[in-house]
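Me: I'd like to learn how to read side-chain features in a structure like this one. Can we go through it together?

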Amino acid sequence: MAIQVTATALPEVKLIEPKVFGDARGFFFESFNAQEFAEHVEAGIEFLQDNHSRSAKGVLRGLHYQIQHAQGKLVRVVDGEVFDVAVDIRRTSPNFGKWVGARLSAQNKRQMWVPPGFAHGFVTVSDSAEFLYKTTDYWYPEHERVLLWNDPALAIDWEFEGEVLLAAKDAAGRPLADADTFD
């Protein structure tokens, strides 16, 4: 197996660590293998879109989700480091309103699988970060929702000291009590 998969405190959210082959020339690893993903993470997943963003230190993006055309996301960092967060927003889940977070970096090469039914966000903790993610559905702006990143009901520890930089839509996110959620 070229990956090690670990369930988080929210068992559907998984941390994936690839086997990295390195020597004096550099390194190589498989960043995605559909067969291994199906066997060790989740079967039946088809990725439809790849996205790439670059963010400066302190930029917080999230907590995003689509209420229709829900997206699963396989996320990773290729330059820098982020603190990545997933929030369970499925009302029938025993973990509704709970979150998990992990540091993803170019150095540790970890990935996180955030399945549909979860809000997702990250904050850049290094000077900058390049963030790549695969999605299981396309982006539909009319279906996008934003959960308030600093909702006291969630009590997310973003592991970042200082002011965060937010897009207007992220600053205007809704608290969990008022958010559109999944059944």
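Predicted model: local features only at pLDDT ≥ 70, side-chain atom pairs only at ≥ 80, totals over all residues.

Me: Which other backbone oxygen does the side chain of Q71 reach with a polar atom?

Reply: That of Y138, at 3.5 Å. Q71 itself is in the loop between β6 and β7 (73-79).

Me: Is Q71 buried or exposed?

Reply: Buried, because its relative accessible area is 12%, and the cut-off for buried is under 20%. Setting aside neighbours within four places in sequence, Q71 is in contact with Q66, V114, P115, P116, T135, T136, D137, Y138 and W139.

Me: Where does T8 sit, and which backbone oxygens does its side chain reach?

Reply: T8 is in the loop between β1 (3-7) and β2 (14-18). Its side chain reaches the backbone oxygen of L10 at 2.7 Å, and a polar atom of that side chain lies 2.9 Å from the backbone oxygen of V13. T8 counts as buried because its relative accessibility is 18%. Beyond four places in sequence, the contacts of T8 are V13, K14, L15 and V100.

Me: Now the nonpolar parts. What's the general idea there?

Reply: In soluble globular proteins, nonpolar side chains tend to be buried together. Here the largest nonpolar core has 20 residues, and the members touching the most others are L63, V87, I89, L147 and W158. Two or more residues of this core come from each of β6 (60-66), β8 (81-88) and β11 (118-124).

Me: What does V87 touch, leaving out residues up to four places away in sequence?

Reply: L63, G97, K98, W99, G117, F118, A119, L147, L154 and I156. There's also a second, separate core of 16 residues, with V100, L104, F118 and A129 among them.

Me: And how do I read aromatic rings?

Reply: A pair of aromatic rings is described by the distance of the centres and the angle of the planes. A search of the whole structure turns up ten aromatic pairs. One of them is F27 with F29, which is stacked: 5.9 Å centre to centre, with 20° between the planes.

Me: What sits over the ring of F27?

Reply: The charged end of K109, 4.2 Å from the ring centre. For F32, the charged end of K134 sits over the ring, 5.3 Å from its centre. F32 also belongs to an aromatic cluster with F37, F47 and W113.

Me: Last one: how do I read the two faces of a strand?

Reply: In a regular strand the side chains alternate between the two faces of the sheet. Take β5 (residues 49-56): Q49, N51, S53 and S55 make up its covered face, while D50, H52, R54 and A56 make up the uncovered one.

Me: How many bridges join β5 to β12, and which residue does S55 stand opposite?

Reply: Eight bridges join β5 to β12 (residues 128-135), and the two strands run antiparallel. S55 stands opposite A129 in β12. You've already met A129 as one of the residues in the second core.

Technical notes: Residues numbered from 1 in each chain as written. Heavy atoms only, no water. Core = buried A, V, L, I, M, F, W, Y, C linked by side-chain atoms within 4.5 Å. Buried < 20%, exposed > 50% of the residue type's maximum accessible area, 1.4 Å probe, protein only. Helix = DSSP H or I, 4+ residues; strand = E, 2+ residues; numbered from the N terminus. Contact = heavy atoms within 4.5 Å. Phe/Tyr/Trp six-rings, centres within 6.5 Å; stacked < 30°, edge-to-face > 60°. Lys NZ or Arg CZ within 6 Å of the ring centre and 35° of its normal. Pairing = 2+ DSSP bridges. Polar contact = N/O pair within 3.5 Å; in protein donor to acceptor, adjacent residues only side chain to side chain.
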